[in-house]
Amino acid sequence: MQRFAFLLPLAMSLSLSAPVHADVPLAATVNGQIIPAAAVNRALKRVGEKEDRAKARAEILDFLIENALIDQYLVQQKTVVEQKDVDARLAEIKKEIEKSGQTYAKVLESLEMTEAEFTAQVLADLRWEKFAVSQSTDKNLKTLFDQSGEMFDGTMVRARHILLTPAAKDPKAAEAARAELAQYRRLVEAKAADAAAKLPATADNLTREQERQKQIDQAFSDLARDKSACPSKRDGGDLNWFPRAGSMVEAFAKAAFALKSFEMSEPVQTQFGYHLILCTGRKPGQTVKFEDVKEEVREVYCNRLREYLISELKKTSKIKIATPK
């Protein structure tokens, strides 16, 4: 793994242990731990002017909150990292920086981070790596591989989707979005059934199925262009081909891969909103051995472990979001 590559996410991070004065403007508190507004603002500087800054701010803050939750948990679990390991990682980072023709001090300046903040984040990263390694045993990895083979054999799915983004923490808006997507599903199915019914009585089953698929694809595409909140609307909601893991968020990928070709999902919730998904194709993978894809399995396992922990920790944590000034 190239260490210099992870400096980009560090630009969105803050020290999890560096002291913060009470008069520092807050973005949030996580179980009493302060996330300074400065940590959010420095990441926002890397957001393009044409992007939705309010949305970007929310995503950045959520990222920082999740980092804090994970590190708090690992501290509670007494996941200890030796100082020599921190020093070794810092040495690697500095070496990579020098290879790029920059200096450590200049990189810190560009990230708007103090050395204490940077070191604390390196410590947090190492803590997570140590914990993840302890959990990703061969037994756990083999179980995941056996239960989710299509994640690692190269199976691909192509899909369209319609995204609706109701206001966060508004149950009525969420229910309205689900109902709206369910209505779109019925409209698409009705148009396809109507088109198939107009075929000559002599049409065979293959012809009828081909017409059904054609009409479903066209009707769904038209609705996506008109109703979807995703940039993919310009392509009729088409997301092209994607694998089971690594490209789409888990809830979306799981739902898409459960569909047959030209079958639509029920409304699916992700952190982006609510989706109606249409599978438009599937490419089967090839048989692979666990040993050949073990590191891919480990990556998926660790990502799922982190997502699970964050989900559980959010249920019991006290998270307060400050109003932006």
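Let me start with a term: helices here are DSSP runs of H or I, at least four residues long, numbered from the N terminus. Keep in mind that this is a predicted model.

First stop, helix H8. It covers residues 171–197, which is 27 residues.

Now look at which residues of H8 are buried. Among them are Ala173, Ala174, Leu181, Tyr184, Arg185 and Val188. Ala192, Ala195 and Ala196 are also on that list. What covers them? The cover includes strand S3 (156–164), helix H9 (205–227) and strand S6 (273–283).

That brings us to H9. Glu211 lies in this helix. Glu211 is buried, yet it has no salt bridge. Where is the nearest side chain of opposite charge? That is Lys214, 4.7 Å away. A salt bridge needs a nitrogen-to-oxygen distance within 4 Å. Set aside the neighbours within four places in sequence, and Glu211 is in contact with Ala195 and Leu199. Remember Ala195: it is one of the buried residues of H8.

Last stop, Arg306. You will find it in helix H11, residues 294–316. Is Arg306 buried or partly exposed? Its relative accessibility is 23%, so it counts as partly exposed. The cut-off for buried is under 20%. Again leaving out neighbours within four places in sequence, Arg306 is in contact with Asn67, Ile70 and Trp128.

And back to H8 through Val188, a buried residue there. Arg306 and Val188 are 118 residues apart in sequence. In space, their C-alpha atoms are 37 Å apart.

Conventions: Residues are numbered from 1 along each chain as its sequence is written. This is a predicted model: local features need pLDDT of at least 70, side-chain atom pairs count only at pLDDT 80 or more; totals for chains, interfaces and linings use all residues. Side-chain values use heavy atoms; hydrogens and water are left out. Helices (H or I, at least four residues) and strands (E, at least two) are DSSP runs, numbered from the N terminus. The expected span of a helix is 1.5 Å times one less than its number of residues. Buried means under 20% relative accessible area, exposed over 50%, partly exposed in between (1.4 Å probe, protein chains only). Contact means heavy atoms within 4.5 Å. Lys and Arg count as positive and Asp and Glu as negative; His and the chain ends are not counted.
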